[in-house]
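Here is a briefing on one protein chain. Look over the sequence and the structure, then read the points below.

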Amino acid sequence: MSLDVRREGEHEFIGRNERGASVRIGRKGAPGSFSPAELLQIAAAGCAAVTAEELITRRTDAPLRVAVSADRREGASELDAVHVLFDVDLSTLTAGEREKLVEAVDRAVERLCTVSRTLKKGIPVTEDFAG
């Protein structure tokens with residue numbers, strides 16, 4: 001898989017994959033772009049959404065939204081926690097059906113969501129220069 005980030009201007013970058021998708025990256029608050037910390041949170045929410053989609057849509061046709069937030073100490077250069085919230089109307093399910101769905105989604109995300117699993121595990125990240 002080929003991924004890269006290229007500078008487009010001062011504090012402006014474009015991340016791309018080999019399938020032609022792109023995302024604008026900039027400093028926090030930069031118009032029209034995501035900050036790197038926002039992308040990390042979006043990755044966690046997106047991974048959970050992709051992992052749980054079929055489990056949820058098989059049981060309800062309600063719109064599926066996954067919200068995400070993070071805890072960060074003032075002035076800290078890292079996030080302390082990422083919180084993923086499935087925002088979907090499950091009122092058509094019985095209490096038992098809802099409980100089974102929540103358990104199934106939890107198991108699936110714990111077992112299959114690469115982003116959440118990696119964040120929970122904590123992995124080394126290395127930097128180097130080519131050439």
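The notes below cover fold, shape, surface and core.

This is a predicted model. The chain holds three helices and five strands. Its radius of gyration is 18 Å, well over the 14 Å that the globule rule gives for 131 residues, so the chain is more spread out than a compact globule.

**Fold and shape**
- Starting at the N terminus, the order of elements is β-β-β-α-β-β-α-α.
- Along the principal axes, the C-alpha atoms fill a box of roughly 60 × 35 × 30 Å.
- Take the contacts between residues at least 6 apart in sequence: 34% of them join residues at least 24 apart.

**Surface and charge**
- Of the 131 residues, 24% count as buried.
- The chain exposes about 9900 Å², and carbon and sulfur atoms supply 51% of that area.
- There are 19 positive and 22 negative side chains.
- The centres of these two charge sets lie 2 Å apart.

**Nonpolar core**
- The largest nonpolar core has 15 residues.
- The residues with the most contacts inside this core are Leu55, Ile56, Val88, Leu90, Leu101, Val105 and Val109.
- Helix 1 (36–57) supplies at least two residues of this core, and so does helix 2 (95–112).
- Which residues does Leu55 contact, leaving aside its neighbours within four places in sequence? They are Leu101, Ala104, Val105 and Ala108.
- Two of these partners, Leu101 and Val105, are also listed with Leu55 among the residues with the most contacts inside the core.

Note on methods. Residues numbered from 1 in each chain as written. Predicted model: local features only at pLDDT ≥ 70, side-chain atom pairs only at ≥ 80, totals over all residues. Heavy atoms only, no water. Helix = DSSP H or I, 4+ residues; strand = E, 2+ residues; numbered from the N terminus. Rg over C-alpha atoms; globule rule 2.2 N^0.38 Å. Buried < 20%, exposed > 50% of the residue type's maximum accessible area, 1.4 Å probe, protein only. Contact = heavy atoms within 4.5 Å. Areas by Shrake-Rupley, 256 points an atom, 1.4 Å probe, with all protein chains shown as cover. Lys, Arg positive; Asp, Glu negative; His and termini not counted. Charge placed at Lys NZ, Arg CZ, Asp CG, Glu CD. Core = buried A, V, L, I, M, F, W, Y, C linked by side-chain atoms within 4.5 Å.
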